[in-house]
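Colleague: I have some questions about how the terms are used here. Can we go through them one by one?

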Amino acid sequence: MPTPSTPTSSKRAFGKAAIWGGAFLLAAIYLFASRPLPLAEGQTAGRTIPVEKLFRILAAEQVAARTLWTAEIVNPGLQRGMKFDENWREADMQAGPLPALFLRETATAIQKTQVPLGLFLGSDYPIAQSNLFTGVQAAAFQKMRQTGEPQFFKATDIGQQSAMFADHVVAQGCATCHNEHPKSPKTDWKLKDIMGATTWSYPKDKVTLEEALQVIATLRASMGVVYDAYLTKVATFDQRPEIGEKWPRDGYFIPTRKVFLAEFEKRASAHTADRLIHILDDPTVSH
Amino acid sequence: MSQSPPPERPVKIAAYVVGGLLALAALAVLLLPQLERVYAKGPANTGHETLGCADCHIKAPGTPRQQLQAKAQYWLGRREADAAFGHTSVGNPQCTKCHLRDSDSHPVHRFLEPRFADARADLGAQNCVSCHREHQGVRVTAPQTSCKSCHQELDVKNEPILNGPSHQQLVAQQAWTTCLGCHDFHGNHKRAAQKQFNDKYSESAVRDYLAGGASPYGHDMKFPAKKGSQ
């Protein structure tokens, strides 16, 4: 049989409820009252674009830079007696980075910034086995070989949006070097073949236009860092090429950072600006 | 006529003095940077002995109230990203402040490539702190056999090992404790991998090194850390 409640026990229960209610009320005010200002989430307001559009711009910028490096520095440089090697950073090596290494170094330079952009190079026939595509990238690469179209997917475990773009043989020197490399698993590369692919990753599916510009600027700055590293290495050569306005096609010369980047901008900026302007007219752009 | 104090009073006074001293000591431990190691989770890892807490533990943005409000909004689904409370979690940027390298044979960012999902699942290899868990008083916390997460299909052209099993044989034998006997994981020591199999460092020498002992790879670093010792 339930014990009838006494006035004292009712008072005690009321007191407890009041204390708990008050505590919840205070917690709710502390947690939800409109002051102080809400903590910013890190993304400024503004128009946003799907990250795929940013990846396309970045891929085109990268192709322009690497084509410039290959066709205007490496190939004519080799003809002038300059050296380019996969172990170019070794102290006793008087050489610059090969085209694939130029990309790898750019990726490393990006990682030293605060921009969470990933850039990777791989293939189904890589010289270094660590660059062999496996898993989701192998599947995307096969699809890209069949369709010729860039592939977009998500690395679900880390929430990274990813994009894969074909990496073509842009100069005969690339095919020759890969065909003759003792560790190459394929020896019949020819011009315009899809030799591999670049994979890009970013942790968001949408970026603001300001953020997109910052990422593009970071990629460009990172390419400049790699070119600087090459010039630093050149300074250690026994036979140093003259650094100035001229290019290896003119003789035993290499351009300054300013000249190299100006030529890159001449080749890449019109396309990038065009893409950005078209983005503004795109119905997928959020306002 | 004066009344004599109750007999328990001196005990009370002594208790107040002891309590006060204890409170002062606690305050000193909390406020004096020289004593911050006292409340660290554990001993600093190798080379990190001279670092201060703030070298790695960065204050989270906002006031505690803003942080709590942001968390509440996140739990209610009214905010996209969670907010840190007190300090942000220690991530790669804090490590690379000192350990930034122009070249690295296993740079941590490589493991963010989509295809390294297994290495991420096995080791969390995309985060420095997965293999170098701090406050353990050692150099490396990952097992000596970690190479197996990525190199099961190893295919080495022009086998470089002389007078010993090939790389493929070593993989077939699952001899994963031998890898670091020749290869320095980050490739940051100025040295070349041994060619003669018998010249490799012993398993115990490598194990001791990972535990914080002497380096069999030497002390001449390509990219020395900017702060602390190696």
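Colleague: What percentage of the 287 residues of chain A count as buried?

Modeller: This is a predicted model. In chain A, 31% of the 287 residues count as buried. The test is 20 or more other C-beta atoms within 10 Å of the residue's own.

Colleague: What makes up the largest nonpolar core?

Modeller: It has 51 residues. A:L54, A:F55, A:L58, A:W200 and A:V215 have the most contacts inside it. The element that gives the most is α2(A), with 12 residues.

Colleague: Which residues does A:L54 touch, not counting those up to four places away in sequence?

Modeller: A:I49, A:V207, A:A212 and A:V215. Contact here requires C-beta atoms within 7 Å.

Colleague: How many residues of chain A are in contact with chain B?

Modeller: 29 residues of chain A, against 30 residues of chain B. Among the elements of chain A that give two or more residues to that side are α1 (7-32), β6 (160-168) and β7 (194-202). The residues on this side of chain A divide into 13 nonpolar, 11 polar and 5 charged.

How values were computed: Residues numbered from 1 in each chain as written. Chains lettered and ligands numbered in written order. Predicted model: local features only at pLDDT ≥ 70, side-chain atom pairs only at ≥ 80, totals over all residues. Contact = placed C-beta atoms within 7 Å. Helix = DSSP H or I, 4+ residues; strand = E, 2+ residues; numbered from the N terminus. Nonpolar A, V, L, I, M, F, W, Y, C, P; charged D, E, K, R; others polar. Buried ≥ 20, exposed ≤ 12 C-beta atoms within 10 Å, placed from the backbone. Core = buried A, V, L, I, M, F, W, Y, C linked by C-beta atoms within 7 Å.
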